[in-house]
Amino acid sequence: MYGVTHPGGHRGDQYTKGYNDGYKNGTVDKRTKSHKHSKPQGKVSKSYYKGYVHGYNDGAK
């Protein structure tokens, strides 16, 4: 149950932010046929990371 409803919805925000960034980079990489953005750069939260990878995969499809 933990992490589904985190006070302030912060976790969900991080996931969404990650998803959006990942999706953007995924579409870029799809055009250039590379995978250089498949992982978020720098230190990110776990939920951001998960969202990013999910978004990236959707964007690169």
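Reply: A residue is called buried when its relative accessible area is under 20%, exposed when it is over 50%, and partly exposed in between, with a 1.4 Å probe and protein chains only. By that rule, buried residues make up 23% of the 61 residues in the chain. The model is a predicted one, in which local features need pLDDT of at least 70 and side-chain atom pairs count only at pLDDT 80 or more, while totals for chains, interfaces and linings use all residues. Residues are numbered from 1 along each chain as its sequence is written, and side-chain values use heavy atoms, with hydrogens and water left out.

The chain has two helices and zero strands; helices (H or I, at least four residues) and strands (E, at least two) are DSSP runs, numbered from the N terminus. Of the contacts between residues at least 6 apart in sequence, 66% join residues at least 24 apart, where contact means heavy atoms within 4.5 Å.

The part requested concerns the rings. Rings of Phe, Tyr and Trp (its six-membered ring) pair if their centres lie within 6.5 Å; planes under 30 degrees apart count as stacked, over 60 as edge-to-face and the rest as tilted. The structure holds three aromatic pairs. One of them joins Tyr 19 and Tyr 23, whose rings are stacked at 6.2 Å centre to centre, with 20° between the planes. These two residues are four apart in helix α1, which covers residues 10-32, so about one helical turn separates them. Tyr 19 is partly exposed, at 23% relative accessibility, and Tyr 23 is also partly exposed, at 38%.

The pair of Tyr 52 and Tyr 56 is stacked as well, because the ring centres are 6.5 Å apart and the planes lie at 10°. Tyr 52 and Tyr 56 are four residues apart in helix α2 (residues 46-60), and so about one helical turn lies between them. Both are buried: Tyr 52 has a relative accessible area of 3%, and Tyr 56 has one of 4%. Ring pairs also bring in Tyr 48, which forms a cluster with Tyr 52 and Tyr 56.

Tyr 48 leads in turn to Gln 14. Gln 14 lies in helix α1 and counts as buried, at 18% relative accessibility. Apart from neighbours within four places in sequence, Gln 14 is in contact with Ser 45, Ser 47 and Tyr 48.
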